Amino acid sequence: MWIFYAVGSAVFAGVTSILAKCGIRRTDSAVATAIRTVVVLVFSWIMVFLAGSWPGIRQIEGKTLLFLVLSGLATGASWLCYFKALQDGDINQVVPIDKSSTVLTILMAFIFLHEGISLLKGIGVVLIAAGTYLMIERKKAQNDPVNPAKKSWLLYAAGSAVFASLTSILAKVGITGVESNLGTAIRTGVVLVMAWLMVPATGKWQEVKKVRGKELGFICMSGLATGASWICYYKALQEGPASIVVPIDKLSILVTVAFSRIVFHEKLSKRSAAGLAGIVAGTLIMIAA
């Protein structure tokens, strides 16, 4: 059953990227992150009450709560980096780098969670890493005809991948013995506080009033998609191994690439297409392993 939830997470995550890109064309990325986190938080707590899991908050141990908070902080950092990168670069630039967190997560799961790496898993890791490199390499060599100064997206995308890896490992530890909806809601609260602290800290408070109605709609829909993705993801992570759940979740790149072609007319070169095939093949091998 956890595979079903992992696939659902991938689909909703792919839709999230497209909706978010539509919502940050003019809106500052930090402001957009803060707004969409409100939507995710409301969605998360609605699911907690629908599932009847809210009384479980009294049974959460201190250590578990600590890891949920740390996971929330890592998620907040990943989001801020991701949507800043998404604002400055195109989707097919940012997403492959963000998805490279799969390799980092597998290595961390091996080191900290003692999840084994078989020969097939090893082959899958190599294919994912090689595929990610092919997609990144093409974009690194490509000049930005619109604004050559906007090259910081690469650093932000890399930061997003690192923090996303930490999020998965910390969450895997933190949700042990905690109902997945409740765990998601708690860590979303941490992300909300962090996101809104970043708005005045970066001097973007006035930008909140400038958000246009259409972009606000896309940001809110992105938040709903994120909430659905999270609930599926952490339910899968609670029941399945992190080294397999995370790669399945990263197949959201297929959804993102497909919609970026339809919505933003972003095309893949043969090199990038080969890289995408490598990522998918590596993921499927790991699932089979």
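This is a predicted model: local features need pLDDT of at least 70, side-chain atom pairs count only at pLDDT 80 or more; totals for chains, interfaces and linings use all residues.
A charge sits over a ring if NZ of Lys or CZ of Arg is within 6 Å of the ring centre and within 35 degrees of the ring normal. Arg36 lies over the face of Trp79, and the distance to the ring centre is 4.5 Å.

**Overall build**

Start with the whole chain. The protein chain has twelve helices and zero strands. Its pattern along the sequence therefore reads α-α-α-α-α-α-α-α-α-α-α-α.

Next comes size. The C-alpha trace of the protein chain spans about 55 × 55 × 30 Å along its principal axes. The radius of gyration of the protein chain is 18 Å. A compact globule with 289 residues would have a value near 19 Å, so the two agree.

How much of the protein chain is buried? Buried residues make up 54% of the 289 residues. The accessible surface of the protein chain comes to about 12700 Å². Carbon and sulfur atoms account for 70% of that surface.

**Aromatic rings**

Now the rings. A search of the whole structure turns up five aromatic pairs. One of them joins Phe4 and Tyr5. Their ring planes meet at 70°, so this pair is edge-to-face. The cut-off behind that label is an angle over 60 degrees. Another pair joins Trp196 and Trp205. Here too the planes stand at 70°, so the pair counts as edge-to-face.

| Ring pair | Centre distance | Plane angle |
|---|---|---|
| Phe4 and Tyr5 | 5.9 Å | 70° |
| Trp196 and Trp205 | 6.1 Å | 70° |

Tyr5 is at 22% relative accessibility and counts as partly exposed. The cut-offs explain the labels: exposed means over 50%, buried means under 20%, and partly exposed lies in between.

The tryptophan pair can be read the same way. Trp196 has a relative accessible area of 25%, so Trp196 is partly exposed. Trp205 has 46% and is partly exposed as well.

Which residues do ring pairs link into a cluster? They are Trp45, Phe49 and Trp54.

**In brief**

The protein chain has twelve helices and zero strands. Five aromatic pairs are found in the structure. Arg36 lies over the face of Trp79.

Technical notes
Residues are numbered from 1 along each chain as its sequence is written. Side-chain values use heavy atoms; hydrogens and water are left out. Rings of Phe, Tyr and Trp (its six-membered ring) pair if their centres lie within 6.5 Å; planes under 30 degrees apart count as stacked, over 60 as edge-to-face and the rest as tilted. Buried means under 20% relative accessible area, exposed over 50%, partly exposed in between (1.4 Å probe, protein chains only). Helices (H or I, at least four residues) and strands (E, at least two) are DSSP runs, numbered from the N terminus. The radius of gyration is taken over C-alpha atoms; the globule rule is 2.2 Å times the number of residues to the power 0.38. Accessible areas come from the Shrake-Rupley method with a 1.4 Å probe; for residues, only the protein chains shown count as cover.
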